[in-house]
Amino acid sequence: MEQLGTGESVAFWIFAVLGVTAAIGVVAVKNLFRAALLLVFCFFTVAGIYGSLSADFMAVAQVLVYMGAISVLIIFAVMLTRDLRHGNPFNRGWAWALVICAALMGLLVFVFIDTSWPTIEATQVEAVNQVGKDEATTSAIAESIFDKDFGFLLPFEIAAAMILAAVIGAIALVRDK
Amino acid sequence: MEWHLISPELTMAVLALVVILLDLVVEKKHYLPIVSAVGLIVPLVLAIDLWNEGGLAMNDMLAVDKFAIFFKVLILGITAMVIMSSWRYVNDKFEHLRGEFYALILLSALGLMLMAAAREMITIYVSLELSSMSLYALTAFLKDRKSTESGLKYILLGGIASAILLYGMVLVFGFTGTTHLDGIGAALADGGAREPGLLLGVVLIASGFAFKIGAVPFHMWMPDVYEGAPTPVTAYLSVASKAAGFAVILRIFFEAFGEPGWLYDDWSVLWGVLAVVTMSIGNLLAIQQSNIKRLLAYSGVAQVGYILVGLAAANAAGQSGIMFYLAVYSLANLGAFIAVIAISNKIGSDEISDYSGMFKRAPVLALVLGVCLISLTGIPPTAGFMGKLVVFKAAMDEGMLWLVVFGVVNSVIAAFYYFKVMKVMFIGEAKSLVGIPSDSGIRAALVISIFGVLLLGIYPYALTKWADIAAVLLP
């Protein structure tokens, strides 16, 4: 974290705490509609974290796709669901789930603290920060996906085929037999 | 770049699009399975044509090596057999969704082919999702209660498995700074430290793929999905997606995690333990089943356990053994499922008790099912025996006697439930004597599988020589 400036660090921690709180709220709140709104807020804090890490394109995409499109879908789905009396369903095995999740989280925290992650040199950080301040990352991302050596074009195209499969599947499943 | 290197994938994508467009404009939908099955010859021929050519395509993201081509041919063959044998079932059960059914099967096969060839983690993940998305939808195609439930279960659990897999990939990426498998391998070979972050990444990647192939403890989805899904989809799921899953596992673990030595030893033991747990629990649960599709689901879990023995051996013999075993398992399991498709089309039930006296009603189908079950048990002269032999021998070469002992004991336990089905079919009283009709597609597919099972049982060299050549993954 010390590689970020003070402002970025403060922003990161604010968004991180808010994001985790909102995420807990999503599963803990009884009212399904409020849970959906909290989820949207959680998406927003993730966009904020991207922003604090100088990933401006990711932040904008997160706002457009998740807060814009997906949240609308979720809220529509919640409002179109007829039987909302029971609210956010609770699982009878929640105690077990809590134990397992706590153990998993303990493991992850241990791993993150105990691992000496490879870091780049301070001079390179300077250079990266300079690039980040001068221009947006959008063109660099476009470059790495679509450059003339095919960059990451292949996964991009496979994703297109995947969306085609998902659309065909969705239409087939809602159509009459 | 040379486009012919990715010609099998390109033609496969075009074939799927052709089927979708034909479905829009053509009135006579019974051409669709013919177009799909015959069209598969084009990518098949193009793939085989690349056999003697090596290379990397699309910015080194796809490997065009013998290993990938072996799996592509296997996946294309499985897809062709499933399409051939299912046209009547599809006509009966979802007549208005024929175009969508064939298009999704082809798109899913495209994803599996890409999985077998991908050597970059983002490509691997997106290909996996391409095949999974198609299969999620296909599972729910019957639109009855069971099918819908199984589709929902599959997509929820599959989503969680994908998240786990991605988490593992992110940890490995954070550690090595690249998503290319050879780059990861090079980075790990240099820095030899045994960091917990890297180990967790490897374990999470293993978990994600263990879900895909259905290894214990990630097998919970299989019986429900297998039972609820349309039987041709179950047949496809039980062989094709397992084959591609093993292809990816082999490539990731040999190319990216093949060095340093301690990492290699770690994952060898990891898969060895999973192998023992998988075959034991799969067999114990299979014994209790009364539904043939659930029985084949749990037997499939146990078979994954035997295949994992070859992975735990982690040597070239293990690689080629896995490839041979997968081909043999695919033939036998497809044969069994196709016989089940024909029988359940007529009697409308998947309960083993309803198979009573099936030998008197449909002698050929019962014999085929019997031979396939014998091959799955692993008794000579069927190919299943040779498959177990090569895989167990690879483990013996590494001195993993404990693993082989577990494998042999489990094979004996498995004989119990396979023979139970045969006893019901051959000795049981027939409830009626009405014959079971089968069509030309089913007959052709059954001939292929029986011929393959017996030929490879008697003369395994016909395939092992290709598997040996194709087992080229090195750290």
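1. The model is predicted: local features need pLDDT of at least 70 and side-chain atom pairs count only at pLDDT 80 or more, while totals for chains, interfaces and linings use all residues. Residues are numbered from 1 along each chain as its sequence is written, and chains are lettered from A and ligands numbered from 1 in the order in which they are written.

2. Chain B contains 20 helices and two strands (DSSP runs numbered from the N terminus, helices being H or I of at least four residues and strands E of at least two). The C-alpha trace of chain B spans about 70 × 55 × 40 Å along its principal axes.

3. In chain B, 62% of the 475 residues are buried (20 or more other C-beta atoms within 10 Å of a residue's own; exposed means 12 or fewer, partly exposed in between, with C-beta atoms placed from the backbone). Of the contacts in chain B between residues at least 6 apart in sequence, 81% join residues at least 24 apart (a contact requires C-beta atoms, placed from the backbone, within 7 Å).

4. The contact between the chains takes 35 residues from chain B and 25 residues from chain A. H6(B) supplies the largest share of the chain B side, ten residues.

5. Helix H12 (residues 261-287) and helix H18 (residues 401-427) of chain B pack at about 15 degrees with their axes 9 Å apart (axes are lines fitted to C-alpha atoms over the stretch in contact, and angles run from 0 to 180 degrees between N-to-C directions). H12(B) is therefore roughly parallel to H18(B) (an angle under 35 degrees). Residues making this contact include B:Gly272 and B:Met279 of H12(B) and B:Phe406 and B:Tyr417 of H18(B).

6. B:Pro381 lies in the loop between helix H16 (363-377) and helix H17 (383-397) of chain B.

7. B:Asn59, although not a glycine, has a positive phi of about 55 degrees. B:Asn59 is partly exposed, with 18 other C-beta atoms within 10 Å. B:Ala314 likewise has a positive phi of about 55 degrees, but B:Ala314 is buried, with 25 other C-beta atoms within 10 Å.

Conventions. Two residues are in contact if their C-beta atoms, placed from the backbone, lie within 7 Å. Angles under 35 degrees count as roughly parallel, over 145 as roughly antiparallel, 65 to 115 as roughly perpendicular and the rest as oblique.
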